[in-house]
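Colleague: I have a new structure to learn from. Can we go through it step by step?

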Amino acid sequence: MGDAAGHTEESAPPWWRSAVFYQIYPRSFADASGDGVGDLAGVRDRLGYLELLGVDALWICPVMRSPMADGGYDVSDPRDIDPLFGDLATMDELIAAAHERGIRVTMDLVPNHTSDRHPWFAAAVAAAPGSAERARYLFRDGRGLDGSQPPNNWPSIFGGPAWTRITEPDGTPGQWYLHLFAPEQPDLNWDNAEVVADFEQTMRFWLDRGVDGFRIDVAHGMAKPPGLPDMDPIVVAAVGPSATQPSDADAKLLVHDDSDPRFNNPGVHDIHRRLRKVVDEYPDAVSIGEVWVDDNIRFGEYVRPDELHLAFNFRLAETPFDAAKIRAAVENSLESVARVGAVPTWTLSNHDIEREVTRYGGGASGIARAQAMIMLELALPGAAFVYNGAELGLPNVDDLPEEVLQDPVWERSGHTERGRDGCRVPIPWEGTNPPFGFTDGPDSWLPIPAGWADRTVAAQRESPDSTLSLYRAALEVRRTRAEFDGDTVDWLDAPENCLAFRRPGGLLCVLNASAAPIALPPGTVLLASAPLRGALLAPESAAWLV
């Protein structure tokens, strides 16, 4: 919080403890090349917007070389930029320009698997069983007399078995390789010293270029149990493709106990300790883990002092607009990190889940609730994450024409699940017609609804009552007021379906999730998400007081 929060230069806590990260889904943020797909030059050109918005750091989803079988999370070269997004020079320019504006830059890294187009995997398929090339991955002989059955019964997160059989160089049916996700994403063997050393090289490559840290994909994966034992058939039924729809892939990552051997194995913590040593070579760098672990004690293990700095807790993003459930999610998230002295993280949406405006009911009510919830999120201690477009109050686009859908979930589900494209529609910047300044070309990679003319950045910038104006005001207040200090919340009595808490620094946050106005407690109102009705807080709104 800087000097405004009463910290001296010497005693200032790490920047990431209270940072607001802005998540950029690169292909949907801004297109500078005119091909209809967002790119790194587009991000660079819009840094002025992000500076005025008031964010502290960027989290850029994968931009490394990739065949794009899974939106860039299938990496064929982790130390280069995919031409779809630009090149290394553009990335360097973006990092330097962001730093000039006081904005840090974090990148997505994918340690659990590579692309099947990675040179390592091509070498593994061409090599013999038992070779050093295959030892980088998890190749196994099949079961049965002819090896025609998978080595174990693990299901893939994306449906079907987690194993694919290769054809050996001599043309005969061969070994199987493990892929917890798509067949195009073979899992790496993290017991292999070469795998660990290569990932460390990748981390240093980007940190040396000025990146301020990483978001670690599937941070509860990587470590596999010795012998790769079968799963309990009951658990297979619970987590397999019949348990949730394919579009709920992230939900299938949630580990409720020790019964799923695919994730959360104890050896993962040794991996994180080793990676943390690399990050610690670069003062101020941060590591942020995607950790789908339900148990709070096990979740906290990932953010012990010598492991990850931060780990995503998705409870707030999974919670409906109900005061009691929101309070329970907040309490749970605080509890999950308190015992290890770590910092909580908060987010309401990302590139994989339905946007909050739609999740909260859509229309004017959905926007009002989303505005109230960002004030609640920003009032909490810890790091906050904002998904690009949330600051514009964008809804999901659930009526995209079938012929434009591009999420692999659409194909994998036999065209029964539309996938995640609805929350990935590009940002509308200006003008009255699509593509609203997102690209100079005629079309964006996913079409932007014509009805978004009033949701563009340009339209909202001039409106004091817009979602964008609220975000800017809230971020400025949060950044400059000492009342946001402290690592805890003190819950106060509140009317039914409302909640109120106070921060140690003196901030009071009140959320009215009910259908009627409520009286505000004594104090000076710093900001409200909707106009006050006299001295009353409107329904579906929030306020900050001191």
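Colleague: How many helices and strands does the protein chain have?
Modeller: Keep in mind that this is a predicted model. The protein chain has 14 helices and 20 strands.

Colleague: What radius of gyration does the protein chain have, and why does it agree with a compact globule?
Modeller: The chain has 546 residues, and a compact globule of that length would have a radius of gyration near 24 Å. The two agree because the protein chain has 24 Å.

Colleague: What share of the residues is buried?
Modeller: Buried here means under 20% relative accessible area. Out of the 546 residues in the protein chain, the buried share is 58%.

Colleague: Which strands are the edges of the open sheet of 5 strands?
Modeller: The order is 14-15-16-20-18, with antiparallel pairing. An edge strand pairs on one side only. That picks out strand 14 (490-492) and strand 18 (525-528).

Colleague: Which residue stands opposite Trp491?
Modeller: Strand 14 runs antiparallel to strand 15 (residues 498-502), and 3 bridges join them. In strand 15, the residue opposite Trp491 is Phe501.

Colleague: Which helix packs on the sheet and touches strand 14, strand 15 and strand 16?
Modeller: Its direction makes about 35° with that of strand 15. It covers residues 323-338 and is helix 9.

Colleague: Which helix touches strand 18 and strand 20?
Modeller: This one also packs on the sheet, and its direction makes about 150° with that of strand 18. It covers residues 467-480 and is helix 14.

How values were computed:
Residues numbered from 1 in each chain as written. Predicted model: local features only at pLDDT ≥ 70, side-chain atom pairs only at ≥ 80, totals over all residues. Heavy atoms only, no water. Pairing = 2+ DSSP bridges. Helix = DSSP H or I, 4+ residues; strand = E, 2+ residues; numbered from the N terminus. Contact = heavy atoms within 4.5 Å. Axes fitted to C-alpha atoms, helices over the stretch in contact; angles between N-to-C directions. Rg over C-alpha atoms; globule rule 2.2 N^0.38 Å. Buried < 20%, exposed > 50% of the residue type's maximum accessible area, 1.4 Å probe, protein only.
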